[in-house]
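Hello,

Here is the structure I said I would pass on. My notes on it follow below.

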Amino acid sequence: MLERRTSHDDLVDHLVRSTPLQRGEAARVVLDVLAYFDETAEEFVRRRHRELQSGGLTNPDIFERIAAELPHRAVAPPGLSLRQLRRIVYG
């Protein structure tokens with residue numbers, strides 16, 4: 001079977017050399033990480049709101065926490081106010 005080469009082969013090769021992962025596993029990890037960071041700011045806010053809400057946090061705590069997390073994303077989105085965060089979730 002021929003291996004499918006991706007644009008991230010150098011990263012996959014590095015993971016294979018530096019971890020016990022096989023090439024297919026390393027490629028899947030890279031694709032999962034890229035998908036995670038491909039999330040838009042709106043998708044991230046909605047997902048984190050659901051996760052934190054299911055963990056029992058209340059909206060005031062949730063929106064403060066999301067506001068603190070946003071600048072630390074791989075590509076930081078523009079600053080969003082607490083009101084803007086609420087509007088993303090509730091429309």
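H3 passes H4 in a right-handed crossing (right-handed if the near helix is turned clockwise from the far one by less than a right angle, left-handed if anticlockwise). Helices are DSSP runs of H or I with at least four residues, numbered from the N terminus.

Before the rest, the ground rules. This is a predicted model, where local features need pLDDT of at least 70, side-chain atom pairs count only at pLDDT 80 or more, and totals for chains, interfaces and linings use all residues. Residues are numbered from 1 along each chain as its sequence is written, and side-chain values use heavy atoms, with hydrogens and water left out.

**H3 and H4**

The axes of H3 and H4 are 10 Å apart, and the packing angle is about 135°. Axes here are lines fitted to C-alpha atoms over the stretch in contact, with angles running from 0 to 180 degrees between N-to-C directions. H3 is therefore oblique to H4 (under 35 degrees is roughly parallel, over 145 roughly antiparallel, 65 to 115 roughly perpendicular, the rest oblique).

On the H3 side, the residues that meet H4 include Phe 44, Val 45 and Leu 52. Their partners in H4 include Ile 62, Phe 63 and Ile 66. Contact means heavy atoms within 4.5 Å. By class, the contact of H3 with H4 has six nonpolar, three polar and three charged residues. Ala, Val, Leu, Ile, Met, Phe, Trp, Tyr, Cys and Pro count as nonpolar, Asp, Glu, Lys and Arg as charged, and the others, Gly among them, as polar.

The axes of H1 (residues 9-18) and H2 (residues 23-37) come within 9 Å and cross at roughly 125°. H1 is therefore oblique to H2. This crossing of H1 and H2 is right-handed. The contact of H1 with H2 has seven nonpolar, no polar and three charged residues.

Which residues does Leu 21 touch, leaving aside its neighbours within four places in sequence? They are Val 16, Ala 26 and Val 29. Leu 21 lies in the loop between H1 and H2. Leu 21 is partly exposed, at 26% relative accessible area.

Best wishes

Methods:
Helix = DSSP H or I, 4+ residues; strand = E, 2+ residues; numbered from the N terminus. Buried < 20%, exposed > 50% of the residue type's maximum accessible area, 1.4 Å probe, protein only.
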